[in-house]
Amino acid sequence: MSAEKGREFHVVNHSVPRRDGRAKVTGQAVYVSDVKLMGMAYAKVLRSPYAHARILSINAGRAASRPGVIAVVTGNDLEGLNPYFGHAVKDHPLVAIDKVRYIGEPVAAVVAEDERTAYEALEFIEVQYEELKAVLNPQEALAQGAPLLHERKFEAGALRGFEGKVTAGRGTNLCQEAHIGWGDVEAAFAKAAAVVEAEYYFPMVYAYAMEPYVAIAEVNENGVTIYSSAQHPFMVRHDITTIFGLPVSQIRLIVPFVGGGYGSKSYTKIEPLVSACAWKAKRPVKLRLSVEEAMLTTRSDDALTWMRTAVDANGKIIARQAKIYMNTGAYAENSPLVCEKSTNRCVGPYAIPNIKIDNYSVYTNTVPASSYRGFGCAQVTMAGESQIDELAAKIGKDPYELRLANVAQGGQEFFPKMRPFDGNLKEDLDLAAKSVRWKDPLPKGHGRSVGCSVSDAGAYPLTSTVVRVHADGSVSIMMGSTELGQGSHTVIPQIVAEELGVPFESVRVVASDTAITPYDRSTGASRTTTLMGRAVLEASREAIDQMVRMAADVLKVKEKEIEVTRGGVQCGEARLTWSEVLTRYYGLPGGEVIGRAYIRKSGDFAQLPVFWEAASTAVEISVDEDTGRIRMERLGTAGDVGLAINPALAEGQDIGAATMGMGVGLFEELIYDGPQLMNGSLLEYRVPRFSDLPREVHLNLVQNRDGVGPYGAKGGGEASLNAMAANVANALYGATGVRIRSAPLTPEKVWRALKEARGEKKKS
Amino acid sequence: MSEAREYLILHFNLNGRSVETQYEAQETLAEVLRDRFNLNGTKISCEVEVCGACTVLVDGLPVSACTHLAYEVRDRNVLTIEGMAKPDGTLHPIQQAFIDEFAFQCGFCTPGMILATKALLDENPRPEEADIIHYMDGNICRCTGYVSIVRAIQRAATQVQKEERG
């Protein structure tokens, strides 16, 4: 798209107000929790009290006979369905079958006339268990003689999102392994001028989308219709087709506004269970989880990363080696892809000639892990970006300068066989560092850090769309992408308004209804602006081509005599708007033109990743040595977005991601005590609040139009999270000289580390 | 549908209108608003009075509707997000400020955020940034990092004062 660099923008690259603004500030925006269908019943879920147990018997008779109860669904009631789902590994039963694998796993669901009746009936279901030994972390799960979570062999899902094999189901608790390498790591470490080597831990975290998982299903002779809070309706549709053995045309997923996702609503969650409820109850059924139940549904993988990195005498990074153990919980969900991605993301943002990364994703008897904003990048960036600062300290170099000297350059193939790097990390780092006044002297007790990351983003490029230009010149976009808050309902019409030269107000979206909107693989991996954006741009151009032919017909001239102007065409003295072209062509103020586009892995998208998502973040913190409390003084972000279709929305993504990352750096962590999740409620799981707001925030966008998206755009919204936990640890080191290698850096952890360090100093 | 349900009658003032409904004693204000009046703007998230998504104003003061028994609002004034705009559809200056400052993304926290802001500005029309942070600390937003919300509240405060001066 580089030929258009001189172009002046009318709608794109402007911070137009959000399309969903009025609906969201007036309470009119509809989320699935607000949807009611005629005759709708309600489901509630009975959950396992054991981490690992065989189900000996379930007696649901007493529950089923209670007044108001319509049906009870257990693992014994699924004959006629194919009850296992999973886009990567079909290991997940829609409700426990024969055994349970974590505390909180659904064992039965009651469908009743109202939620309270369903809830009250749960205690009348009698389940007999035989408890089995549980494994709670990768070390236990991989030990000799460890009990197996999954005894079955699995089919690998065709939509797993990577080309490699699936490891699960080979008689161990290994869910996935991934290995990459190039150069000669051993030789490089042998001749290194300096090496740092350590273990780092990134915790289990809960995305806390404020709208918990919710879905409504209706099963009848037309097939299955589901309203869901899912990010990827087309992926869920695929799982539902296999469960019911129905063709794609009989499964319909409708996604209204989604109350936050951050990866936690990607892929299939409660939709199979709610459809089984509707199938058995022969009624539309709604299942709305509480936040406590959402915490028992999906979390991030926690990761223990051993890493070593070497520099030569000139401060060039010459080698990196890492071994990662990811705790993926009881079911694979998207963790095989998270494993693949985190392996790749150990390398970037640096051009390193010798690499060896080994990654193991391991089943344990804990809540299933899956996508979390950034797919495994935050987990390994905790290690990678800590280690850069440790190296800098070891060789007496400014960590900012060490990064500048080693980051991947624009156009460089820093990762073999992947797309050459399409960003500018030096510019990103420079802006972020300036935001925290990198060169200024620091007050006592303060520390700074600047970090960066790049991710192979955009997922698989498969997206299609339809742009309909109506006879009055207004436009409808049929778009599979969901609106999670990221702004797809605003950004995508901006692109169409720009291309067709029509007012933004006249362009509307019809979104995320698989029966109506063309196939779009997913809404995640920061892909929508790039892939759906490019699709609607091409569909708009296809519509224009058709209208040029129509204009030639109407004006009785050759096509090449028609010139496209903003919002219409011109031929000599004659000027026609799109509306006039269509109205004259059809002879009625009716009809339309349909522009189409199909994006696939070819052309600009032939080489993966779709784009490298790059960002830099920088922090200044202060630490209270008496309490161990860290306070965020300054925060700077630099999102390398190619071109911000809507700068305010792009900045909003960056600050949102950075704040989430700050939460992991400072206090967010799901804590297990044995098999039991100890802080499974928002009372005990701490997320960032107003009072955690940094005292000063600077948001920067880097817009070099170097992406393959529309007008050179790339995605954003994940990368600003990745380096934040390492930033907190690095800044603490700067402030105190104490290095902590596990997130979050809670006051207690910091206080203990300081006490230990100061105590040792006094002794010596 | 447990047998022999007992229904009570609840009478209160909802968004400036006198209303009456049948309800059960254990129903929360959020349930009554959402299920009996179909006012779905009041969002339910944490259900433990931590997140603020369900904030509504009762006699002008913010409460968490998810845990507030409907019984407690008999004969009182309840303001929900649906009552913020003027009847002709003109947005309240706080609502407009949230749009102008991009102070939401997914929007799930927004109704509660706007009502908490109203309570703040009613009590303190010229809040300093520290006042805003202190007052709003009971409302969680997971999308925005709060920066744009603070700006929206500051803009709304200026606008409300302008309108009051006429």
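**View 1. Strand 11 and strand 12 of chain A run antiparallel.** Six bridges join strand 11 (residues 214-220) to strand 12 (residues 223-228) of chain A. Strands are DSSP runs of E with at least two residues, helices are runs of H or I with at least four residues, and both are numbered from the N terminus. A:A215 has A:S228, in strand 12 of chain A, as its bridge partner. This is a predicted model, in which local features need pLDDT of at least 70, side-chain atom pairs count only at pLDDT 80 or more, and totals for chains, interfaces and linings use all residues. Residues are numbered from 1 along each chain as its sequence is written, and chains are lettered from A and ligands numbered from 1 in the order in which they are written.

**View 2. Seven strands of chain A form an open sheet.** Their order is 3-7-1-14-11-12-13, with mixed pairing; two strands pair if DSSP finds at least two bridges between them. Strand 3 (69-74) and strand 13 (251-254) of chain A are the edge strands, each pairing on one side only.

**View 3. Helix 6 (residues 233-244) of chain A lies across strand 12 and strand 13 of chain A.** Helix 6 runs at about 150° to strand 13 of chain A. Axes are lines fitted to C-alpha atoms, for helices over the stretch in contact, and angles run from 0 to 180 degrees between N-to-C directions. Residues are in contact if their C-beta atoms, placed from the backbone, lie within 7 Å.

**View 4. Chain A contains 19 helices and 32 strands.** Its C-alpha trace spans about 95 × 70 × 45 Å along the principal axes.

Key. Contact = placed C-beta atoms within 7 Å.
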